[in-house]
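Take a look at the structure below. We will walk through it step by step.

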Amino acid sequence: MSSLEAGADDFAYEQPSEPKPLTPASPGELKRLMKDWRAGRATRNVLQAMGDAYVAVFAAVMIGAMVVNVILKAQRTVAQCTSATCLSARAILPWAAFAATIAVALAVSRLFGPVLASAAEGFWLLDAPISRSKLLRSRLVGAIAAAFLAGAVIGGLISALTGSGQTGVLVWAGATALSAASSVAFAAAQQGLERHRLTHLATYVFGVLAVGALFSVVGVAAGWFSLGLSDDVGIELGLIMIAGSTLVLLISAVLAALRLGQIRRTRLLSGGALVSGISGAFFALDIGLARDIVVERRAIERGHVHPKRGKGLGLEALIWREWQRLWRFPQPILVLAATVVVPYAADALGMSVLTPVFAALALFGAIIPLLNGLRVLTRTGGLARCLPFSLARIKLASIAVPAILAGVWAVVTTPAYLGFGDGAVDRPVPQAALTAVATAAAGLLGAVRWTQAKGVDFGAPMVASQAGAFPPGLVTNLFRGFDVCIITTAPLLLGLSPWWSLGIAGIAAAILLNSMDAETLRARQAEQQKQLAEQRKQRTEAAAKQRKR
Amino acid sequence: MAKRSTILKVSGLRRAFGPNTIFDKFNLEVRTGEAIALTGRNGAGKSTLLRCLVGADRPDDGSVEVCGNAMNEASPEIRRDVATVIDDLDFFPDLSVVEHLDLLARAHGIADPDEAVDEVLEEVQLVPQSGQLPGTLSSGQRRRLALATAFVRPRKLLILDEPEQRLDTEGVAWLAQRLKSERQKGLAIVFASHEPELVETVATRVIQLGAARG
């Protein structure tokens, strides 16, 4: 009789003696053990590695020194400027940077965790009977420290470049650093409670404050109103911000540390998976893929939606769905609305000539999230194959809604090109309107190019370089989209008529929407080569026959 | 009895990756009501052949004709006639299951899209998941959604790459019956499969790829 047939009751087994309880290793011991293993496998020490990479280290030191020198020079030059524009920028831009840094720190923290763990840690360590909070403490401290450093750089840089004095730079660097650190700590404290509503709300509030601050720079520079903020008042307020941020940081950090053990493993691992996915995409310089990962993650977080019935038939159905999806995830519209301030700010700050370039780049960044439909339809071709339309018509339908929004953006930004800041270029209304339309077209088409760009083809022939072989697309991939923005706005930069820009935009649109991209051209080239080879073969055969005769 | 017309005609198809020839001088004619099963071990070239048939890959030589027209993936006529489920099918991350099907039904101009969608949704047993976003579906549910995209729209030719993948036993049995019924209604089907039950129930002809090697 086999054991399977016997049934469970027939098995005789020996009652095992109660196992002796084991003392689990502490997280510190485990970390030391892993460090020892890693160190044991190392084939080079830090000094040797730096010796190998001395060119890179030398270049980094040189470039760093140059950057610091440029910043100091710019600070000294701008500090002498006493126009209304300079004063408004000096007084308000550090505030905008302060609020924007908090908003970004909160948004990034919410997206990644901020406390996270890799898949390996999740599988091998988080399952073990060890204190999870002790294990994760270094992660929390690391995230807070990283935010502190990033905040200090941003705050210091903005205040220096707007001409603040040494004290002002130090105060704003400290305030922005502490506010960024406290934002991460706050998000971590919320993560421990599995709550994200407050973090979400605070992100929007500080985002709106940042845009509001930018608007007030424009208002003060244009002379619409005065805020009466002197350098001294700004420093005093900055010190108050330092005190407030420190208080929030201390309370949030303590709460976050106490709640570390409560964070679910899935939440920790999803942050880790996101980081590894995004870092992989960045390693291949595929920023589109990195964005896809974030978009997918947001959709998974949402999980379920109330289905909406479509409208229309044919292409109309596709356009209608684009519209519905926009209302389902409306955040990109807010970002688009915020970018309206860019041309006004650039003009008010006396950078009239560069305004179309800055505005086009801002619109380019804001339109990309509105082109998710185009991205999905062009990245693999599988879904587009299900639709009974040519690719050009599918693309047109996918960009119809963003194009309408870009049109509205052009109308709203037209007054920015009339000229109202110090030393601004004055343009008549028709020319200002055409400039705004050309700028909007540049931003839209740049975003279309960026969105439908294929990833780098690592199977293509490589280019040899000092740093090793790399596919040629690796470098050009970084500039996709930016190139269209720059080329389209170049005539405006050179003081030519906006019609030149509109002409370039028309050519770019024809190329982008008719799929005359590099891949299609390569495919056509391959087809032609195939035909040539066939003709050559036929000629050779004919010649061989003649010779036989 | 109605005369069977040729839906798919493949002549002298060749595909090679460097020195490795996947298939050469491959000929095939599929008429209405015929189902061709492609079998063979992993790497035999089933998926590559199907990708060449739908225009997702470019053969080195030979031609593919669908309903008398040369295969051109970008052609709206071909997209209207050929429904495919191969590995490159993507989904909108922010559209729910039912909205994907509704979009396809409307894009193809189906007169009553709601009814068509409800019917297919019930058939692929995704009614409870109708409001879910694709990222939250299990791999089996994603496969059912992929199959639903092929069944919710009009079609003359179905091209499926291992459609049984990730389906449970009941799912495979359902799929076999569904494809059989499609064939009996006059559709032409070409599919690659490792599932003997599916091949036996659906196929009118079986082509084993890479047989010479093994």
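A residue counts as buried if 20 or more other C-beta atoms lie within 10 Å of its own. Keep that cut-off in mind. This is a predicted model.

Start with chain A as a whole. Its secondary structure comes to 23 helices and zero strands. The C-alpha trace of chain A spans about 100 × 95 × 60 Å along its principal axes. Of its 549 residues, 38% count as buried. Consider the contacts in chain A with a separation of 6 or more: 79% of them join residues 24 or more positions apart.

Now pick out one helix. α16 of chain A covers residues 355-367. From first C-alpha to last, this 13-residue helix reaches 18 Å, close to the 18 Å expected. Twelve of the 13 residues of α16(A) are buried, so the helix is largely enclosed by the rest of the structure. Among the buried residues are Thr355(A), Pro356(A), Phe358(A), Leu361(A), Phe364(A) and Ile367(A).

What do the buried residues of α16(A) pack against? Their partners in chain A are α14 (331-338), α15 (341-348), α18 (391-413), α19 (429-452) and α21 (482-493).

Finally, turn to where the chains meet. Here 35 residues of chain B are in contact with 39 residues of chain A. On the side of chain B that touches chain A, the elements giving two or more residues are α2 (76-81) and α3 (97-107) of chain B. The largest share, seven residues, comes from α3(B). By class, this side of chain B has 15 nonpolar, ten polar and ten charged residues.

Conventions
Residues are numbered from 1 along each chain as its sequence is written. Chains are lettered from A and ligands numbered from 1 in the order in which they are written. This is a predicted model: local features need pLDDT of at least 70, side-chain atom pairs count only at pLDDT 80 or more; totals for chains, interfaces and linings use all residues. Helices (H or I, at least four residues) and strands (E, at least two) are DSSP runs, numbered from the N terminus. The expected span of a helix is 1.5 Å times one less than its number of residues. Two residues are in contact if their C-beta atoms, placed from the backbone, lie within 7 Å. Ala, Val, Leu, Ile, Met, Phe, Trp, Tyr, Cys and Pro count as nonpolar, Asp, Glu, Lys and Arg as charged, and the others, Gly among them, as polar.
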